[in-house]
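Hi,

Here is the structure I promised to pass on. Could you have it open while you read my notes below?

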Amino acid sequence: MKKLNLLAIWVLAAVVAGMAQQTTTPTSTPQTTTTTTTAPQTTTAPPPATGCQPAGEPQKKEIKDPAEYNAYVNATGITDPATRANALEQFIAQYPTSVVKDDALEQLMGAYQQAGNPKALDAAERVWKANPCNVRALVVLAYNERARAESENPPNPQTAALAVKYGEAGVQALKTYTKPDPMKPEDFEKFKIIALQVFNGAAARGSLNNKDYPSAQKYFQAALDTELRMDPNDAGQLQNVYPLAVAYLTPKPINVVGLWYIARAVVLSQGAAQTEIGKYGKAKYYYYHGGDDGWDQLVAQAATQTTPPPNFSVAPAKTPAEQIQDLVKRTDPKQMDFDQWKLVFTYGDQPTKDNVWNAIKGVPLAFRAKVIQAEKTKLLLAATYDGNQDNKADTEVLMAGPIPATKMPKVGADIDIVAAPVSYDTTPTYIMHLQDGKLAVAKGAAHTPPAHKPLHHTHK
């Protein structure tokens, strides 16, 4: 998936940092020298516990030691970012209690960013510890934690927590973030939009990894909305569209708007990713709707717009009772498959159960099923969709005679068999019992378990 360009973030953050930290050089250097630094939100102590406050008037910081003053001015005046970063590191090490230490740290972060040096992350942490409301540091930290959270499998709860922490802190800090005087308003607005996208995206990914789905939905939606403000046609929106769909589709019951977003993710993706996302989306749609009719139309619709239409909806699958009513009206009990029998015997009313059971009891049935367990005189098989998916027996067959060792079915294999139903159980788990079982030559068994049709009774 295409991600927001980190270099672009670093360059923008560095530009803001540089403008915010421009130093006014005095015309002379007396024994006690004063330098005024414009540094919104930068203080030598953490902000009040109540949250970030507006910057207010620039603070005047007085460097009394001429040597310290000269070292700071010389370091910040270096043009080459790598050389400037080295000089600032030396200044911070030599003057660890300097009144402009916070300003030097911000300058250091900006220099590393401009140089493309990974040490920008360490510098950002140092800036943030000095001022937890520093937006530029939070951009770097939040972006990094989201990237880590996306790459970890299984997710690390600590990484997820940091992504949420920096993301939420950044969203709050932006509310009181003011434009540095030298910066153009259009550049400032662009930076804020990118920062907001980064913050919401980090909080969203951390929330998703920690299975806080309501928060993930909120933050991914906000990140996507912000991204669409920048470029409605940017394919990079997949980085927010797909996980937003997952956040809507993972909880039970699902939020149906997730079906629209997963269709949108199919449109935005390519190659193998598009295939996998399409399989996931179609399965979720089928499970909710009870069929795949309308899925292709939904994908086509998602290709023409970036957000769901007003009042978007998908008709849910019928209830088990409704499915049974339709089933018995249109299908002869002997022509039903094992999934349909399971549905009737588990959820049907007693008269319906009796009618269907009396029609198939003792009647030899030819079918195909997966072998779960094999013994000389008994086979445990998976004859339903759920049984195949879960690798769990739902059918027991007592054989008419011992199975020869040379013909013993292998566990996990699909076999053709003929047997007659004699009873069924619905508790503690569903299972149908058959007897007089005989292995059959494959001729297209009449009751092959469907490869695509799960029961639709658990999504409501």
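Let's start in helix α9, where Y213, S215, A216, Q217, Y219, F220, Q221, A223, L224, T226, E227 and L228 are buried. Buried means under 20% relative accessible area, exposed means over 50%, and partly exposed is in between, using a 1.4 Å probe and protein chains only. Before going further, please keep in mind that this is a predicted model: local features need pLDDT of at least 70, side-chain atom pairs count only at pLDDT 80 or more, and totals for chains, interfaces and linings use all residues. Residues are numbered from 1 along each chain as its sequence is written, and side-chain values use heavy atoms, leaving out hydrogens and water.

Back to α9. The helix covers residues 213–230, which is 18 residues, and spans 26 Å from its first C-alpha to its last, close to the 26 Å expected at 1.5 Å a residue. (That expected span is 1.5 Å times one less than the number of residues.) Its buried residues are covered by several other helices, including α6 (135–151), α7 (157–174), α8 (185–209), α10 (238–249) and α11 (257–268).

One of those neighbours, α7, also has 18 residues and reaches 26 Å, again close to the expected 26 Å. Its buried residues are T159, A160, A163, V164, Y166, G167, G170, V171, A173 and L174. Among the things covering them are α5 (119–130), α6 and α8.

Now the whole chain. You'll find 17 helices and eight strands in it. Helices here are DSSP runs of H or I with at least four residues, strands are runs of E with at least two, and both are numbered from the N terminus. Of the 460 residues, 48% count as buried. Looking at contacts with a separation of 6 or more, 64% are between residues 24 or more positions apart. A contact means heavy atoms within 4.5 Å.

Two helix pairs are worth a look. The axes of α11 and α13 (residues 295–302) come within 8 Å and cross at roughly 70°, so α11 is roughly perpendicular to α13. Axes are lines fitted to C-alpha atoms, for helices over the stretch in contact, and the angles run from 0 to 180 degrees between N-to-C directions. Angles under 35 degrees count as roughly parallel, over 145 as roughly antiparallel, 65 to 115 as roughly perpendicular, and the rest as oblique. The contact is made by L259, W260, I262, A263, R264, V266 and V267 of α11 and W295, L298, V299, Q301 and A302 of α13. By class, that gives ten nonpolar, one polar and one charged residues. Here Ala, Val, Leu, Ile, Met, Phe, Trp, Tyr, Cys and Pro are nonpolar, Asp, Glu, Lys and Arg are charged, and the others, Gly among them, are polar.

The other pair is α3 (residues 81–94) and α4 (residues 101–115), packed at about 155° with their axes 8 Å apart. α3 and α4 are therefore roughly antiparallel to each other. From α3, the contact includes P81, A82 and R84, and from α4 it includes K101, A104 and L105. In total, the contact residues divide into twelve nonpolar, two polar and three charged.

Next, strand β7 (residues 414–425), which holds S423. At 29% relative accessibility, S423 counts as partly exposed. Leaving aside neighbours within four places in sequence, S423 is in contact with W357, M432 and H433. W357 is 66 residues away along the chain, yet the two C-alpha atoms are separated by 8.7 Å.

Not counting residues up to four places away in sequence, I415 touches F367, R368, A369, V371, L379, L381, P409 and L439.

Finally, some backbone details. The peptide bond from N153 to P154 is cis, with omega near 5°, and P154 lies in the loop between α6 and α7. Another cis bond joins K252 and P253, with omega about -5°; P253 is in the loop between α10 and α11. N391, in the loop between α17 (385–390) and β6 (395–399), has a positive phi near 55° although N391 is not a glycine. D436 likewise has a positive phi, near 55°, but D436 is found in strand β8 (residues 431–439).

Happy browsing!
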